[in-house]
There are 2 protein chains.
Amino acid sequence: MTIHDIAKALGIDSSTVSRALNDSNRVTKKTKDKILEKAKELGYQRNLLASNLRKNKTFTIGVIVPRISRHFFSSAIAGIEEMAFEKGYKVVICQSLEQLDREQNLVETLVANRVDGVIMSISMETLNYKHLDILKTNNIPVLFFDRHCDIPGNSNVLLDDFEGGYLGTSHLISKGCTRIVHFSGPRNLMMYQNRFQGYRTALEKNNIPFDKDLVLSSHLMEKEGALLAKQLLSMQKQVDGVFSANDVAAIGAMQYLKSKGVLIPEDIAFTGFSNEPTSRVIEPSLTTIDQSGSQMGKLAMELLLKQIEKKKESISPETIILKPSLIERESSNKNNKS
Amino acid sequence: MTIHDIAKALGIDSSTVSRALNDSNRVTKKTKDKILEKAKELGYQRNLLASNLRKNKTFTIGVIVPRISRHFFSSAIAGIEEMAFEKGYKVVICQSLEQLDREQNLVETLVANRVDGVIMSISMETLNYKHLDILKTNNIPVLFFDRHCDIPGNSNVLLDDFEGGYLGTSHLISKGCTRIVHFSGPRNLMMYQNRFQGYRTALEKNNIPFDKDLVLSSHLMEKEGALLAKQLLSMQKQVDGVFSANDVAAIGAMQYLKSKGVLIPEDIAFTGFSNEPTSRVIEPSLTTIDQSGSQMGKLAMELLLKQIEKKKESISPETIILKPSLIERESSNKNNKS
DNA sequence: ACAAAAAATACAATCGATTGTATTTTTTGT
DNA sequence: ACAAAAAATACAATCGATTGTATTTTTTGT
């Protein structure tokens, strides 16, 4: 079933059929009706491959995230899809699984498929950005969200991680904590750098000396949280609070500590980051920094589409930084102060 | 950058370039090398749109789920993507948001984009399957997973929901429960029908009379779980166990009951369904039926690809039914028996 | 009723790659 | 060295839709 079949059936030219199906004003209403009816009769379905090839536009956005099943990313994807659907686009979803070579492979595939744009959150292994050059070469706009990379000329939708780190740490301090450990993530991610800087600044503003031994880096998985907690107990200097750069590690640590009889928040108070669904359910419920994936996804898609749809003359990069908010729960509710 | 540019640069025909890039044995090694080098030099990237159009194959699978951010679905998508990547396919992800009209719209878009196959889990609103006819018309194989529909000729990857319902309910009975409420989902989903039948059969096998007043249907959201729990407390007949057709509703109910001072599992024991991450973290931890989304996703993609890749002569539908397993946790640990 | 202007439709090239067939070049065997 | 066979390459059509230009048809105004 092609436009040529319709054209033949009606004894007219396929260009007229094409224009009729695209509702062009170069076709008279009478002819349009005739064509539309025939199209329906024959069960015609436009072949978007052919159309896309001709128009050099696919109405497809490529999305690369480290892990689809992580709650933050799946909410972001949900937001991205919702906005894309609304605007008539579709999304190809890929996961790097935190591996650089996979990320590179995916970028190449997306380029070969001529996506109209790419939204991505880089992997933990991504230390340089050479594999992204191909996007620029092919004039494909990219938008980074959550985990950004500092190459100029691209758009970003980010959380103010510095502010988040500052909020989370200040909160613990306001609850009376003075020896606060920070669970940090891989150094190459700006995100974790910024959360760390927020932590450090909060300490300084409150005249608490910074102690680098209290900063523990890992990939912030649940198991690593438990390991870090173990390490915590064996520290000679006593700790009374933990600001974790994500909820998962915080929860791993809390569970380990609870099993060892440590009281939370009385002995050690916790603040996490991300507001994962589990953070609300664990006992004590985990104080955390909200990071709405769905909203971020929607904003990211909206911004990218704006850039795609305005003519190429002016793809001015733009950065949106969302303000984080603290969600206060039980895990930080020390009675000492406040 | 097209094969014609390469051809022109080397003074040869574009068909030879095409064959060289596809490693055809109709091109001599010497020519191939020359072409490959030139291609690299010019930064050539094959235009898959054109290739796909010619070959009438897109190496794209459409995936429709009710909600991307639901943990089960995001894990399934992760499994699907992983297997697809391995086999050289990519996936377009869409969410129906449980709405029939959206689902219909998505199916049409996928057809227009000539996906090679579709993997879907139907929405709660989907009562008839007329909107899926277009897939058959266009000869696009479909595979249903998790939530299936009983139209013949399609493949399915399912959990044995009957067995799951039976396991979950029998477990409560073995712990001494005799008045067990069942939280059920929308009737049109076979899945919930089957879990219900498993529940009913378990009662019968244990000589517990079935009481239809103990079956409460809803959409199984967290809020509805809380509402159902409220309803539970106002029942004249006392209840000592709940088998919920998903974890989310169970957790909503448990939180409400805990706030009212009901002891779990002593007063009311709980068994959920799905093994959501939160089920492990809530206190008491929730006994549940495991349903590995990621494994299901992988299997689904593998089966669909098998069907796509073998010639059309024999697209024999196939149904894989995974055996569920019970994960015993605290929420059902009554001391009465066992 | 007729020429000019405007509207509708047809023609033909194109997007970039693939592929069956025809032609040219190379290899083989005597 | 030459014909026959085999291998390599070129030619040309094609996938299905779109779009600038040319042609035909209709409308307008006198």
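A:Pro277 touches A:His71 and B:Thr278, leaving aside residues up to four places away in sequence; two residues count as in contact if their C-beta atoms, placed from the backbone, lie within 7 Å. The model is predicted: local features need pLDDT of at least 70, side-chain atom pairs count only at pLDDT 80 or more, and totals for chains, interfaces and linings use all residues. Residues are numbered from 1 along each chain as its sequence is written, while chains are lettered from A and ligands numbered from 1 in the order in which they are written.

A:Pro277 belongs to helix α12 (residues 277-281) of chain A. Helices (H or I, at least four residues) and strands (E, at least two) are DSSP runs, numbered from the N terminus.

Next comes DNA strand C. Of the 25 residues around DNA strand C, A:Ser15, B:Thr2, B:Ser15, B:Asn47 and B:Ala50 come nearest; a residue is near a strand if its C-beta atom, placed from the backbone, lies within 6 Å of it. At least two residues of this surface come from each of α2 (14-21) and α4 (48-55) of chain A, and α2 (14-21) and α4 (48-55) of chain B.

Chain B also holds an open sheet of four strands in the order β7-β6-β8-β9, with parallel pairing. Strands pair if DSSP finds at least two bridges between them. β7 (215-217) and β9 (269-271) of chain B stand at the edges with a single partner strand each, so one side of each has no neighbour in the sheet. Strand β6 (residues 180-184) of chain B pairs with β7(B) over three bridges in the parallel sense, and B:His182 stands opposite B:Val215 in β7(B).

Helix α9 (residues 190-205) of chain B lies across β6, β7 and β8 (241-244) of chain B, at about 170° to β6(B). Axes are lines fitted to C-alpha atoms, for helices over the stretch in contact, and angles run from 0 to 180 degrees between N-to-C directions.
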